[in-house]
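Please look through the structure below.

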Amino acid sequence: MRLTRLAVVILAISSCLGPTSLSAQTKAIDVNKSSLKIHVFKSGAFSAFAHDHEIQAPLEEGKIEEGSAPASVQLRVDSRKMRVLDPDIPTDKRSEIQQTMQGASVLDVEKFPEISYQSTTVTSRRENHWEVRGELTLHGQKQPVAVQVSLQDGHYRGSASLKQTAFGMTPVSIAGGTIKVKDEVKIEFDIVPAK
């Protein structure tokens, strides 16, 4: 009789937890198939003479806990491996932008080589669409960041915006501020769980 009651209690608890809790499994992220890009936009009186920038941030590692929905996400980027893509800019100019980005005035990659994101909550918005809230550690500072995510063909895709100043970085400005980059940058990602 006691075993029967115990079995009924376990079944009741299991049904309350739902299928996500019971079937959730942690998977590594396939860093070779996943991508993360940062878009930095120009501003200022002479912004017509400047360029928007696209930066590739290869993922070093990551984990996603998934069941019927993602339950948590962890990502890590080595800031020293980030690359300015900007194909329309001459190589020497792109190299100069790369050095500025990695230097002490922006990312300061020698002092802060790691960028990480750890989710704290995942909220379903509709089928295969979620809002993921978490903490982004960048430039030695941790700030909350919300990310909009959708699942399409086995890929978690989405974007987020953040302000450089929230992480103690000063947006690059030249020619007395007549050419500068905007404080807000956009991050786009395509995350593929490993098989």
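Histidine 139 sits in the loop between β8 (129–138) and β9 (141–152). Strands here are DSSP runs of E with at least two residues, helices are runs of H or I with at least four, and both are numbered from the N terminus. This is a predicted model, where local features need pLDDT of at least 70, side-chain atom pairs count only at pLDDT 80 or more, and totals for chains, interfaces and linings use all residues. Residues are numbered from 1 along each chain as its sequence is written, and side-chain values use heavy atoms, with hydrogens and water left out.

Aspartate 153 lies in another stretch, the loop between β9 and β10 (155–163). Most residues other than glycine have a negative phi.

| Residue | Phi | Relative accessible area |
|---|---|---|
| Histidine 139 | near 55° | 12%, buried |
| Aspartate 153 | about 50° | 77%, exposed |

Buried means under 20% relative accessible area, exposed over 50%, and partly exposed in between (1.4 Å probe, protein chains only).

Aspartate 78 belongs to strand β5 (residues 70–78). Aspartate 78 counts as buried because its relative accessibility is 8%. Its side chain makes a polar contact with the side chain of arginine 80, at 2.9 Å. Such a contact is a pair of N or O atoms within 3.5 Å; within protein, one must be able to donate a hydrogen and the other to accept it, and residues adjacent in sequence count only if both atoms are side-chain atoms.

Overall, the chain has 2 helices and 12 strands. Buried residues make up 34% of its 195 residues.
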